[in-house]
Amino acid sequence: MTETIDRRAARTRKALYEALISLILRKGYETITIQDLIDEADVGRSTFYAHYTGKEELLRSGFETLRKLLIEAQRNALAKTERDGGERLGFSLAMFEHACQNRTVYRALIGSSGGAVIGNEIRRVLSEVVKKDLAAVPDDGAIARDLRVQFVVGTFLNVLLWCLEQKSDITPPQIDAMFRRLVLNGLALPRTDGRLLKRGNLQGA
């Protein structure tokens, strides 16, 4: 009996999330009401509130699937690293692939209140996987561990936002290569008179 209830609840949550995505693409996140969602998913209002407190919680719920995807990608990458010296931050390509597959939804959310929700959820999920990935990296004490995590996550989010704003269809491997170059190798800016050049060919102080 419990298994039947669990399956029914899972179907309801899936129907509501799919209704949310469909409505986002048709009318934008801001204008969606609970009535829109229950009409689209064909469920009752009491059923909706039995699962979610509002549309923001419904939107956040979709990131549990993303979290599982990234953790699995990270697990596989870490196993490869230990086995034959593969690269760290193995979650990144999977995340870029997810974003590109759902590019239209991500773009529809940017600039809306849903964009803030999605940004916070991605940051939370990424912080979790990056912290675990960097745990095995030797710490010389020069850079705080929390700062390392925030640097990687912040760079990733900036690259992701840049990618979504591009009109050309850049492939996930191309985006991932740029992200990894920035994080693992830095900008590799040339030096003049022994001082590091900043963007725009300005000499560092």
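Q: What makes the crossing of H8 and H9 right-handed or left-handed in this predicted model?
A: The crossing of H8 and H9 comes out right-handed. That label goes to a near helix turned clockwise from the far one by less than a right angle.

Q: Why are H8 and H9 called oblique to each other?
A: Helix H8 (residues 113-134) and helix H9 (residues 145-165) pack at about 130 degrees, with their axes 9 Å apart. Roughly perpendicular stops at 115 and roughly antiparallel needs over 145, so H8 and H9 count as oblique.

Q: Which residues of H8 and H9 meet?
A: On the H8 side they include Ile122, Leu126 and Val130, and on the H9 side Val149, Val153 and Phe156 are among them. The residues of this contact split into 10 nonpolar, 2 polar and 4 charged.

Q: What makes the pairing of glutamate 18 and lysine 14 a salt bridge?
A: Their side chains come to 2.5 Å, N to O, and the cut-off is 4 Å, so the pair qualifies. A search of the whole structure turns up 8 salt bridges.

Q: Why are glutamate 18 and lysine 14 separated by about one helical turn?
A: Because they sit 4 residues apart in helix H1 (residues 2-27).

Q: Where is confidence lowest, and where is it highest?
A: Strand S3 (residues 202-203) is lowest, at a mean of 40, while helix H2 (residues 34-41) is highest, at 96. Over residues 196-205 the pLDDT is below 50, though the stretch has 19 contacts in the model beyond near neighbours in sequence.

Terms used: Residues are numbered from 1 along each chain as its sequence is written. This is a predicted model: local features need pLDDT of at least 70, side-chain atom pairs count only at pLDDT 80 or more; totals for chains, interfaces and linings use all residues. Side-chain values use heavy atoms; hydrogens and water are left out. pLDDT is the predictor's confidence in each residue, from 0 to 100. Helices (H or I, at least four residues) and strands (E, at least two) are DSSP runs, numbered from the N terminus. Contact means heavy atoms within 4.5 Å. Axes are lines fitted to C-alpha atoms, for helices over the stretch in contact, and angles run from 0 to 180 degrees between N-to-C directions. Angles under 35 degrees count as roughly parallel, over 145 as roughly antiparallel, 65 to 115 as roughly perpendicular and the rest as oblique. Ala, Val, Leu, Ile, Met, Phe, Trp, Tyr, Cys and Pro count as nonpolar, Asp, Glu, Lys and Arg as charged, and the others, Gly among them, as polar.
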